[in-house]
Amino acid sequence: MGAQHDDLHDAADPHGRALRLGIGGPVGSGKTALVAALCRSLGPSMRLGVVTNDIYTTEDAEFLRRAGVLDPERILAVQTGCCPHTAIRDDIAANLDAVETLEERFGPLDLVIVESGGDNLTATFSRGLADRQIFVLDVSGGDKVPRKGGPGVTTADLLVVNKTDLAPLVGADLTVMSRDAAAVRDGRPVLFTSLREDRSAHSVAEWVTSLVNTWKHANDHVHEHTTPTTAA
Amino acid sequence: MRQDIGEGRGAGMRDRPSGDAALLLLADSRLPAGGHAHSGGAEEAVRLGTITGPEDLARFLRGRLATAGLVTAALAAAACELAAATADHPAEPYGQADGDGNTPDAGTDADPARPWRRLDAEADARTASPAQREASRVQGRLLIRTARRIWPSAVLDTLAKAVPEGAHHPIALGAAAASAGCDPYQAAMAAAYNSVTGPATAAVRLLGLDPVTVHRLLADLAPALNDAAHAACASLIDDVVPDGAPQNGPAHNAATQNGAAAKTRGSGWPALPGHTAPALDLLAEGHLNNPMKLFVS
């Protein structure tokens, strides 16, 4: 495509579909709160869809629908049969089906967020499902978690450390977490949030906006920039 | 000829690659086609206290194989056979008898979607529970999505278009099996195997059963799996033997209406089994009302 497409919404998207952003992390770290915050921040300027992967049926989807941050029909829930990591990594068929259903019903979309069910530090998204992924930790799990690493912490395109407001209460040292995360992440970004205090997740929303814009206009660079070189 | 399918090792098979390896891939629980999220009624049976341990589970699996397992095996075999027939002779009408009685413009002879819709309707007629129908169609849709990338074929494309909301799982499985190089017997085996391995794995996860004990149960079912696959293939005959056994369902009705035409290939599938399992139907419906369910079905 040689033509210039300046209109974000009508541009001939080089990928022909929305950016797919996976959000994973342990139970209770704030994944659903982050999705809600991103819907609040990005909803007014982007066409969004959300797929949730719940432990129990539609808990997270219902939370998001009740939160009123997005048209309830744009939120689909996938059930994972006791294995949340299987549904985002080893057998992504149901999630892909949900993502494409949203794109067919409401497309074209700019961004589809896939929230994983709460899982462990080894759970990451297949590249067949998510173009980029965020891993969400929280400080109350202890400040040693980034040092323990695991694929989520080390390879996610963005690491979010949530609940910084609790750090003094649980004796977590944010400096230690920041230093340890940097040591295992090979320069990939880390953002600290308190989603209870910042309900629009300002810094994360900025990062996502930049991703989406790059995805739509100059996809060649985004790969070089955020994908580990070993992935190619 | 068609009764020989069960043997599947005739001279005709030697000049084509064996589907054994493809069968392993197709039946493997690691096939990324969404099956891991379905318990086949096992989760509801556990919740109700019907399955509490290996003994209950063994009975549940045996019953499931003898009913839903056999029916899905036969449907998968029929789909595999249909796929092979239409792939070999794409222009040949299939599943449509002379003097069918249907409106002439309800799909022409050359419409490749027509026999697939008809076979899918056979599956629908054998699936009483709406919840099971939905679960079967979702799994069928996901399997076709996956199989089209692994074993691309015109048949899978045709099936996807013929039943856009998702063909029933055994129909998708049979078409995928044919595209992978399996014969109807292997397709039936994959379906029968799936019908017990999914619930067995679900029970391991839900009850914390010893996985080796449960695999022993599955091993004990091996002869029954063979029998089911053979019976499934034996049902792919052109005519029903008038032995007085009651035959119900649309396949039988179609065969009756078609009369003499039942002897032709176009008569449909008059001998497909229609064993029902009311308990499985009830479990599937009850499962939908469980607010704490982990599995889709």
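1. A salt bridge is taken here as a side-chain nitrogen of Lys or Arg within 4 Å of a carboxyl oxygen of Asp or Glu. By that rule Asp97(A), Glu100(A), Arg141(B) and Arg145(B) are linked in a network of salt bridges. Within it, Asp97(A) pairs with Arg145(B), the closest N and O atoms being 3.8 Å apart. The count over all chains is 22 salt bridges.

2. On the basis of the values: the model is predicted, so local features need pLDDT of at least 70 and side-chain atom pairs pLDDT 80 or more, while totals for chains, interfaces and linings use all residues. Side-chain values use heavy atoms, without hydrogens and water, residues are numbered from 1 along each chain as its sequence is written, and chains are lettered from A and ligands numbered from 1 in the order in which they are written.

3. The interface comes next. With contact meaning heavy atoms within 4.5 Å, 19 residues of chain B touch 17 residues of chain A. The area buried between the two chains is about 1,600 Å² (accessible area, 1.4 Å probe, lost on being put together and summed over both parts). Carbon and sulfur atoms give 55% of that area. His36(B), Arg145(B) and Leu294(B) supply 41% of what chain B buries against chain A, more than any other three residues.

4. Three salt bridges are counted between chain B and chain A. Six residue pairs, both at pLDDT 80 or more, are in polar contact across the two chains. A polar contact is a pair of N or O atoms within 3.5 Å; within protein, one must be able to donate a hydrogen and the other to accept it, and residues adjacent in sequence count only if both atoms are side-chain atoms. Helix 6 (130–150) and helix 9 (184–207) of chain B are the elements that give two or more residues to the side touching chain A. Helix 6 of chain B gives the most, with four residues.

5. An α-helix has 3.6 residues a turn, so residues three or four places apart point the same way.

6. Asp157(B) and Arg148(B) meet at 3.0 Å, N to O, in a salt bridge; Asp157(B) is partly exposed at 29%, as is Arg148(B) at 36%. Asp124(B) and Arg133(B) form a salt bridge at 3.7 Å, N to O, and Arg133(B) is partly exposed at 31%.

7. Chain B has 13 helices and zero strands, where helices (H or I, at least four residues) and strands (E, at least two) are DSSP runs numbered from the N terminus. Of its 297 residues, 53% count as buried. Buried residues of helix 5 of chain B include Trp116(B), Leu119(B) and Glu122(B). Residues 24 or more positions apart account for 82% of the contacts in chain B with a separation of 6 or more.

Definitions and conventions: Buried means under 20% relative accessible area, exposed over 50%, partly exposed in between (1.4 Å probe, protein chains only).
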